[in-house]
Amino acid sequence: METLFNSINLLITIMGKKEKLIEAALFMTPQAVSVAQLMEITGEENYTMAKGIALRFMKEFNQRDSSLQIVQIEDAFQMSIRPGYEERVRSEEHTSELQSH
């Protein structure tokens with residue numbers, strides 16, 4: 001029983017690290033990141049597992065009270081601004097203020 005418990009803890013730790021790598025990858029690029037690319041980034045060799053980790057991360061991330069969200073676009077994932085925030089941040093006046101700081 002202890003061996004099973006240790007194996008489960010190890011799996012949870014590995015999946016957590018992979019979710020953090022997915023988060024970093026999505027944050028760093030404005031384009032959608034494919035599951036194949038996420039496999040390379042996380043070192044996950046199984047397509048179904050990689051997609052499952054990304055879907056789990058998306059679900060957890062989207063439950064946060066944040067102006068950002070993760071969306072699935074076919075077999076890819078992208079970090080974007082939630083509706084209602086983009087318009088305000090993109091307005092010319094606010095964009096100029098942000099660029100000057």
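E74 is placed in the loop between strand 2 and strand 3, where helices (H or I, at least four residues) and strands (E, at least two) are DSSP runs numbered from the N terminus. The model is predicted, so that local features need pLDDT of at least 70 and side-chain atom pairs count only at pLDDT 80 or more, whereas totals for chains, interfaces and linings use all residues. Residues are numbered from 1 along each chain as its sequence is written, and side-chain values use heavy atoms, with hydrogens and water left out.

The phi of E74 is near 55°, a positive value in a residue other than glycine. Most residues other than glycine have a negative phi. With a relative accessibility of 71%, E74 counts as exposed; the term applies over 50% relative accessible area, buried means under 20%, and partly exposed lies in between (1.4 Å probe, protein chains only).

The chain comprises 5 helices and 3 strands. From the N terminus on, these elements follow the order α-β-α-α-β-β-α-α. Of the 101 residues of the chain, 25% count as buried. Among contacts (heavy atoms within 4.5 Å) with a separation of 6 or more, 40% are accounted for by residues 24 or more positions apart.

The strands form an open sheet of 3 strands with the order 1-3-2 and antiparallel pairing. Strand 1 (33-34) and strand 2 stand at the edges with a single partner strand each, so one side of each is left without a neighbour in the sheet. Pairing requires that DSSP finds at least two bridges between two strands. Strand 2 (residues 68-73) and strand 3 run antiparallel and are joined by 6 bridges. Within this pairing, Q69 has S80 as its bridge partner in strand 3, I70 stands opposite M79, and V71 is partnered by Q78. The two strands form a hairpin with 2 residues between them, and E74 belongs to the turn.

Helix 3 lies across strand 2 and strand 3 and runs at about 145° to strand 2. For this angle, axes are lines fitted to C-alpha atoms, for helices over the stretch in contact, and angles run from 0 to 180 degrees between N-to-C directions.

The largest nonpolar core has 15 residues, of which I22, L26, L38, F57, I70 and F77 touch the most other members. Such a core is a set of buried Ala, Val, Leu, Ile, Met, Phe, Trp, Tyr and Cys residues joined through side-chain atoms within 4.5 Å. Helix 1 (2-28), helix 2, helix 3 and strand 3 (76-81) each supply at least two residues of this core. The greatest contribution, 6 residues, comes from helix 3. In soluble globular proteins, nonpolar side chains tend to be buried together. L26 touches V33, F57, I70, F77, Q78 and M79, residues up to four places away in sequence not being counted.

In helix 2 (residues 35-42), the buried residues are V35, L38, M39 and T42. Viewed down the axis of helix 2, these buried residues fall within an arc of 105°, so they line one face of the helix; the arc is that of the directions from the helix axis to the C-beta atoms. Just after helix 2, G43 takes a positive phi of about 80°.

The structure holds 1 aromatic pair. The rings of F57 and F61 have their centres 5.6 Å apart and their planes at 50°, so the pair is tilted. Rings of Phe, Tyr and Trp (its six-membered ring) pair if their centres lie within 6.5 Å, with planes under 30 degrees apart counted as stacked, over 60 as edge-to-face and the rest as tilted. F57 and F61 are 4 residues apart in helix 3 (residues 47-62) and are thus separated by about one helical turn. Both F57 and F61 are buried.

Beyond the sheet, Y85 is placed in the loop between strand 3 and helix 4 (86-90). Its relative accessible area of 42% makes Y85 partly exposed. Y85 and S67 are 18 residues apart in sequence, and their C-alpha atoms are 6.5 Å apart in space.
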